[in-house]
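I looked up its nonpolar cores and then its pockets.

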Amino acid sequence: MKQKVLKQAYLPDALTAELSEHYDLRELAQMTAADLAAIADEITVVITNGEAVVTREFIASLPALKLIAVFGVGYDGVDVAAARDHGAQVTHTPGVLTDDVADLAMGLMLATSRKIVAAQKFIEQGGWRQGGFQWTRKVSGARLGIFGMGRIGQAIARRAQAFDMEISYTDRNHHRSLPYRYVADLHELAAQSDFLMVCAPGGAQTRGLINQSVLAALGPQGILINISRGSVVDEAALVHALENNLIAGAGLDVFANEPNVPAALQQRDNVVITPHMASATWETRREMSRLVLENVHAWFAGAPLVTPVP
C-alpha cells in the first residue's frame, strides 16, 4: 500500500504526477476539514511551495507529521520553529534556481533603467512617428548595492562585474573572501548606490526593511530591484516614493500580497513588474522537482535528507 502524502499548495503538474506514481497523494484543495481529520494520523509528509503558508496550527493538526518538503528556496511561509517543536523536518530546493533568479534580476535592472517596456509601448502607440523616445539611464559602470549576499546575491554580483559595475553589499556577515565592498548599514548602502538590489530572505527579521528612509537614501536617481520577497519592501512607502519622484524607478518580481499587485505600481513607465517568475524556467523547475522528490524518497527510505533548511 502506498504511503499517504499531502499536497498542501500548488505544484507543477509533472511533479504532482510523479508523486502520484510513488505515493497516495492527497490534495488539500480538494478536501474538507472532515476529510483531512479522517486521515490526519496517517500523514507523515506534507509538500508545499515557497509562497504558501504552513502555520503552527496546521502542523499541530497532523500528529504524525515528520517532513515538510518545500518546492522553492524560500521557506519563510513555514513556521519552522513549530515544525521543530513538532518533531518535523523541513527541506527546500536551494542552489538549482540561483542562476535563473540572478538572470532575471539583471533583466529587471536593464529593463527598468533603459525603460524597455515603456519603449515598446511607445512604438505600439505610434509615439515614434511623432519623435524619439526619452533618454534613459546607463547601467554599465554604475554603482550596485546588494542587500543580501547569499548564493543569489553573489551570482548577481558576478554578472554585474561583466558590466563593470561598482559593487557593494550589506549582509548579516562580512564575507571577507569576496572582492566586493562591505557596507554595514543598509541606509548607507542605499545612499551609495545607483541600483539597490534586494536579495535578502523573507521573514520577520527582514519585514519592511526597505522602508521610507532607505528609499529616501537611495534618492531621486536611484532604482530599486526586488527579486527576493515582497515582504522585505514596505510597499506603501515604495508607492509613495514613486509617486513623489523620491526614487527613479523599480523593477519588481515579488509583492507583499501576491497575486495582488497595487494599481499604483502598474502602468508606470519607470516600473517593470513580473509575476514572481524568477525561477520559472523549464530547466530549473525540473531540478526543483527533482530535489523535492529526492527529499521525500530519502525520508521514506530512512536516509539523510538531501537539502534540509539551515
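Entry on cores. I found 48 residues in the largest nonpolar core, where Ile146, Ile156 and Met197 have the most contacts inside it. Helix 5 gives the most to this core, with 8 residues. A nonpolar core is a set of buried Ala, Val, Leu, Ile, Met, Phe, Trp, Tyr and Cys residues joined through side-chain atoms within 4.5 Å; buried means under 20% relative accessible area (1.4 Å probe, protein chains only). Helices are DSSP runs of H or I, at least four residues, numbered from the N terminus.

Entry on the model. The model is predicted: local features need pLDDT of at least 70 and side-chain atom pairs pLDDT 80 or more, whereas totals for chains, interfaces and linings use all residues. Residues are numbered from 1 along each chain as its sequence is written, and side-chain values use heavy atoms, with hydrogens and water left out.

Entry on Met197. Leaving out residues up to four places away in sequence, I noted that Met197 touches Ala105, Met109, Leu144, Gly145, Ile146, Phe147, Ile156, Ile225 and Ile227. Contact means heavy atoms within 4.5 Å.

Another core, of 26 residues, lies apart from the largest one, and Leu186, Leu215, Val233 and Leu252 are among its members.

Entry on pocket linings. I looked up which helix gives the most to the lining of the largest pocket; helix 7 does, with 3 residues.

Notes
Helix = DSSP H or I, 4+ residues; strand = E, 2+ residues; numbered from the N terminus. Buried < 20%, exposed > 50% of the residue type's maximum accessible area, 1.4 Å probe, protein only.
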